[in-house]
Amino acid sequence: MLTDSPGIHHVTAIVGDPQANVEFHVGVLGLRLVKRTVNYENMLAYHLYYGNRTAEPGTVLTCFPYPNDVPARLGKPQWESVGFAVPPGSLDFWAEHLDDHDVECSGPVERFDERLLRFTDPADTRIELVETDSPVDPWTDGAVPADHAIRGVHGVTALSANPYATAGMLDTLGFDMVGEEHEPADDGGDGDAADAGSDATRVRYRADGDHATVVDVLDRPADYGREGIGTVQHVAVRVESVDELYEWHSLFRERDFDVSRVRDRNYFHSLYVREPGGVLFELATETPGLTVDEDIETLGESLVLPDWFEEDRELIESQLPPLSVPGLD
Ligand code: ZN
């Protein structure tokens with residue numbers, strides 16, 4: 001018996017320079033670097049995790065720095081953006097804070113009765129800050145005062161090649177449709193041609209958990225996208241157990257979806273599935289979690305490797321560029 005997903009587990013983006021990535025997400029957004037490891041498919045590249053104080057599922061953005069990759073082109077089918085939750089009333093602080101760091105932002109705009117700002121990180125990843133109540137325990141030793149600090153992921157937006165198929169996937173995972181809004185044509189202030197030129201319909205889906213529950217599906221004309229620096233590459237949703245992962249795997253196989261085998265990602269088990277709308281999802285367990293190999297107090301302070309890479313530690317450390325983390329180094 002499959003259980004409804006309570007919401008998002010993590011969001012993963014492809015970015016460029018790792019130092020610029022850490023300076024922005026830690027030094028400007030005030031997230032905590034909660035894991036410094038390598039890409040399990042490419043041990044000579046970083047995999048950087050940002051999150052809240054305790055690195056709990058639903059707060060985590062992970063980044064693959066590929067400085068030599070091509071710039072992304074937004075299009076179908078892709079994840080369009082990631083939104084973080086900030087406390088109601090904090091957007092004035094954020095607008096000024098981003099301006100102080102020379103980050104151009106647009107907004108505030110209102111969407112489904114929530115106010116939000118939009119901007120991009122140094123890789124051109126589209127990011128939103130959304131005013132909403134959240135039970136998440138923020139990182140308070142960072143660059144942003146506790147009153148305004150990010151409370152984890154709020155939600156994500158998908159630009160689907162087939163919104164009906166993506167809606168079906170979300171329904172299968174346990175998300176409910178909760179609203180629909182018309183978005184007039186504009187470029188969101190970020191000058192991105194792929195955003196411009198046509199009206200869109202935004203349909204909101206929500207999981208039943210208490211944080212990181214929102215997935216919006218955008219329906220608007222767009223060319224095919226190209227994955228690269230600035231792409232939100234996949235979104236993982238939380239699932240109950242490894243046993244359930246195998247059940248999900250069977251279900252996706254029965255439906256002829258493009259699904260990976262169940263993988264051990266050290267901090268969770270997961271599978272990847274591209275639904276017929278073309279959008280890449282991951283399903284991930286909440287356990288054992290990011291504190292399995294580090295104490296909460298020292299999360300992210302040193303390079304941690306899974307057992308199967310430990311014998312190559314010397315090589316890995318000699319190949320990775322040095323990383324200076326605001327507040328740590
Ligand atoms: Zn992932």
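A salt bridge here is a side-chain nitrogen of Lys or Arg within 4 Å of a carboxyl oxygen of Asp or Glu. With that in hand, welcome to a few close-up views of a predicted model.

**View 1. Three side chains coordinate the zinc ion.** The donors are NE2 of His10, NE2 of His234 and OE of Glu282, at 2.0 Å. Along the sequence, these donor residues follow the spacing H-x223-H-x47-E. His10 sits in strand S1 (residues 8–15) and Glu282 in strand S17 (residues 280–288), so this pair ties together parts of the chain that are 272 residues apart in sequence. His10 is buried, its relative accessible area being 3%. Glu282 is buried too, with a value of 0%.

**View 2. Arg202 and Glu183 meet in a salt bridge.** The N to O distance between these side chains is 2.4 Å. Arg202 belongs to strand S11 (residues 200–206) and Glu183 to strand S10 (residues 176–183), and the pair links distant parts of the chain, 19 residues apart. Is Arg202 buried or exposed? With a relative accessibility of 1%, Arg202 counts as buried.

**View 3. Arg202 also forms a salt bridge with Asp216.** Here the closest N and O atoms are 2.9 Å apart. Asp216 lies in strand S12 (residues 214–219) and Arg202 in strand S11, so the two tie together parts that are 14 residues apart in sequence. Asp216 counts as buried, at 1% relative accessibility.

**View 4. Salt bridges join into a network.** Which residues are linked in this network? They are Glu80, Arg111, Glu114, Arg118, Glu128, Glu183, Arg202, Arg204 and Asp216.

**View 5. Arg238 forms a salt bridge with Glu286.** The closest N and O atoms of this pair are 3.4 Å apart. The partners come from distant parts of the chain: Arg238 is in strand S13 (residues 232–239) and Glu286 in strand S17, 48 residues apart. Strand S17 also holds Glu282, a zinc donor shown in View 1. Arg238 is buried, with a relative accessible area of 3%, whereas Glu286 counts as partly exposed at 36% relative accessibility.

How values were computed
Residues numbered from 1 in each chain as written. Predicted model: local features only at pLDDT ≥ 70, side-chain atom pairs only at ≥ 80, totals over all residues. Heavy atoms only, no water. Donors = N, O, S within 2.8 Å, 3.2 Å for Na, K, Ca; no water. Helix = DSSP H or I, 4+ residues; strand = E, 2+ residues; numbered from the N terminus. Buried < 20%, exposed > 50% of the residue type's maximum accessible area, 1.4 Å probe, protein only.
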